[in-house]
Amino acid sequence: MKKWVALLMASVMSLSLAACGGSLETINYKPQTNETTKTTTNGMQITNGNCTDTIIWTLDSDGVLRLSGTGEICDYEKGANNQPWADYRNYITALVIEDGITRIGDRAFQSCSYMESAVIGKEVASIGEWAFQNCYALTNVELQPEVSLENGAFRSTPAELEVSAAISTCYTNSCYDSALSQVELTGNYREDIINIALSQVGYHEGDSEDDYDGGNTSGSGDYTEYGRYLGSIGGAWCSEFASWCIRMAEVPTQIVAISRGANVAGFTKDTSAVWYTWDQIIYGGGNYTPREGDILLWAWDNNSHSTEENLSHTSILWEIDEQNSGSIILKTIDGNSNNQVKACKYEVNATDGSLIGRTGSLCYIIAPDYESGNN
């Protein structure tokens, strides 16, 4: 099983400063009060200033923003746009955080839309909430594997999953990581997803980052390794678990997407995955036969919902048993089932997918075309 460690992603996006509508040679800087501006002999400008009393920042003529010094980069409030480099976001193509800096504050580099790479010093212990959110060109990130990522730290960046996939130290020391490491990927995505999911059965959510090992059997705070991976700690994590299993199986993103919610749109956006309602599968009179590795979306209120809505629960389909009584037994592997990963059984009415013995129904079956990417 592939282990994720400190990484430098190999792919590079070819976005240029020209795409910003300007270049460093021609922009008209508007220095803030704590900045100085100078022109080099070749006409290119360099801007710098103080981030804190102990941290200095510089933006050079190649678009490299460099922070040096000691201590923590400040937190910044939502919508304030008062980061010292805020006026130059469209000219920042790379970031270097030098050793000595220990934390990157909330929203510090939010919406630096043309930043392609970030090298984060080895003394940075944590990266604040939404620190790199909406850095749409950020494909290359180098950081230490033990860095703590706060909520949404790399949200809406190309590097989001790969950065988050640096498995937490707490989880690395768990029996569930050991079980995961025993799963050998075969290239049969359906089989690999099921084996990965089964390796996590028994994992229990916790109440803090210290519980990422899955061993806090009384935890109820929605702290899981799977939620941490997707940057959504503290909320229901059934969809995060399914997404984590899919990504650990190395399923290409064009086949099925990750989702932080139990909705069709989240799992199928920009992919080849299709979805079915109960009346479109063989048990309800349609043509599609659900298969292992399909994603099931449930509504406990027994109502129909649009594909954009968040439903009640997400399951990974494992097996199907038809019963003589006209019911169907769906065997699944679920995250966030009574606060843990469980192998479950749902008995549903064969005619409409409604649950037998309780309120609720299976609304959608998401069917990724796993075979299109199998080795």
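User: On what basis are the values given?

Analyst: This is a predicted model, in which local features need pLDDT of at least 70 and side-chain atom pairs pLDDT 80 or more, while totals for chains, interfaces and linings use all residues. Residues are numbered from 1 along each chain as its sequence is written, and side-chain values use heavy atoms, leaving out hydrogens and water.

User: How many of the 11 residues of helix H4 are buried?

Analyst: Buried means under 20% relative accessible area, with a 1.4 Å probe and protein chains only. Helices are DSSP runs of H or I with at least four residues, strands runs of E with at least two, numbered from the N terminus. Among the buried residues of H4 are Tyr189, Arg190 and Asp192. Helix H4 (residues 189-199) is largely enclosed by the rest of the structure, because the number buried is eight.

User: Are the rings of Trp57 and Tyr88 stacked, edge-to-face or tilted?

Analyst: Rings of Phe, Tyr and Trp (its six-membered ring) pair if their centres lie within 6.5 Å; planes under 30 degrees apart count as stacked, over 60 as edge-to-face and the rest as tilted. A search of the whole structure finds 19 aromatic pairs. The centres of Trp57 and Tyr88 are 6.2 Å apart and their planes lie at 40°, so this pair is tilted.

User: How many residues apart are Trp57 and Tyr88?

Analyst: Trp57 belongs to strand S3 (residues 55-59). Tyr88 lies in the loop between strand S5 (71-72) and strand S6 (94-97). The pair links distant parts of the chain, 31 residues apart.

Definitions and conventions:
Buried means under 20% relative accessible area, exposed over 50%, partly exposed in between (1.4 Å probe, protein chains only).
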